[in-house]
Amino acid sequence: MKESAKARRLKRHHRRNKNQSKMNLVSLMDIFTILVFFLMVNSSSDVQVLNQSSTIKLPESTAVQPPGDVLALTVTDLDILVNGRVVITRDALKALDGQIEPGLKKELDYQASRSAQPVPEAGRAITILADRELPYDLLKKIMSTCVDAGYASISLAVNQREKAKDHLQHQI
């Protein structure tokens with residue numbers, strides 16, 4: 001029995017479409033590779049943006065050098081936070097007899113272990129955000145603990161005075 005012309009055309013059409021139905025995965029893989037690379041580069045957890053709480057009144061300074069991307073230690077009215085995570089209450093630090101607070105040191109050691117960067121000769125860098133009214137004895141305990149944990153390059157966050165802002169504008 002001979003096939004009709006319509007049946008032959010259908011067979012030919014199915015054979016042609018069978019060969020064309022393969023999906024080209026090369027371009028799809030290229031897109032996903034670029035996407036994964038972009039996400040890896042831009043999702044660094046070591047970068048810290050210094051978010052100033054409205055309750056913390058920073059001291060003013062005429063410094064013109066902008067802060068780098070370093071570990072941030074924030075001292076609020078109630079707590080001491082490292083990278084936004086509460087480590088110890090301020091009252092507990094005040095009650096501490098010694099100069100080194102073990103809980104804060106443990107957290108700083110943990111943060112240091114997460115960093116893939118080599119330790120600079122001057123020590124790791126840390127920025128302390130604290131109210132300008134912070135008692136010196138508390139600041140001294142915090143700084144002593146930082147130095148003991150290897151964070152010897154300590155910066156204090158400050159607000160920039162108008163004079164320094166004008167100086168920056170004249171340089172540009």
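A nonpolar surface patch of about 690 Å² is formed by L25, L28, M29, F32, L35, F38 and L39. Patches consist of residues with over 30% relative accessible area and no salt bridge; like charges are joined within 9 Å, and nonpolar side chains (Val, Leu, Ile, Met, Phe, Trp, Tyr) within 5 Å. Accessible areas come from the Shrake-Rupley method with a 1.4 Å probe, and for residues only the protein chains shown count as cover. One member of the patch, L28, sits in helix α2 (residues 25-42). L28 is partly exposed, with a relative accessible area of 36%. Here, buried means under 20% relative accessible area, exposed means over 50%, and partly exposed lies in between (1.4 Å probe, protein chains only).

The model is predicted: local features need pLDDT of at least 70, side-chain atom pairs count only at pLDDT 80 or more, and totals for chains, interfaces and linings use all residues. Residues are numbered from 1 along each chain as its sequence is written, and side-chain values use heavy atoms, with hydrogens and water left out.

The chain has a mean pLDDT of 76, and 70% of its residues reach 70 or more. Over residues 167-172, pLDDT stays under 50. For that stretch the model has 3 contacts beyond four places in sequence. A contact means heavy atoms within 4.5 Å. Where pLDDT is low, the predicted coordinates should not be read in detail.

The chain contains 6 helices and 7 strands. Helices (H or I, at least four residues) and strands (E, at least two) are DSSP runs, numbered from the N terminus. From that end, the elements run α-α-β-β-β-β-α-α-β-α-β-β-α. Of the 172 residues, 23% count as buried. The chain exposes about 12,800 Å², and carbon and sulfur atoms supply 56% of this area. Among contacts with a separation of 6 or more, 71% join residues 24 or more positions apart.

The largest nonpolar core holds 20 residues. A nonpolar core is a set of buried Ala, Val, Leu, Ile, Met, Phe, Trp, Tyr and Cys residues joined through side-chain atoms within 4.5 Å. L73, V75, I80, L108, I142 and Y151 touch the most other members. At least two residues of this core come from each of β2, β3 (79-82), α4 (102-114), β5 (125-130) and α5. Helix α5 gives the most, with 4 residues. Beyond four places in sequence, I80 touches L73, T74, V75, R85, V86, V87, I88, L93, L104 and I142.

L71 lies in strand β2 (residues 71-75). This residue is buried, with a relative accessible area of 11%. Residues up to four places away set aside, L71 touches V82, N83, L108, Q111, A125, I126, T127 and Y151. L71 and Y151 are 80 residues apart in sequence, yet their C-alpha atoms are 9.4 Å apart in space.

N83, one of the residues touched by L71, is in the loop between β3 and β4 (85-89). Its phi is near 50°, a positive value in a residue other than glycine. N83 counts as partly exposed, at 28% relative accessibility.

Side chains of opposite charge can pair when their charged atoms come close. A salt bridge is a side-chain nitrogen of Lys or Arg within 4 Å of a carboxyl oxygen of Asp or Glu. By this rule, the count comes to 2. In one, E107 pairs with R85, and the closest N and O atoms are 2.3 Å apart. This pair links distant parts of the chain: E107 in helix α4 and R85 in strand β4, 22 residues apart. E107 is buried, with a relative accessible area of 8%, whereas R85 is partly exposed at 44%.

D109 forms a salt bridge with K105, and here the closest N and O atoms are 2.9 Å apart. Both residues lie in helix α4, 4 residues apart, about one turn of the helix. D109 is partly exposed at 32% relative accessibility. K105 is also partly exposed, with a relative accessible area of 23%.

Terms used. pLDDT is the predictor's confidence in each residue, from 0 to 100.
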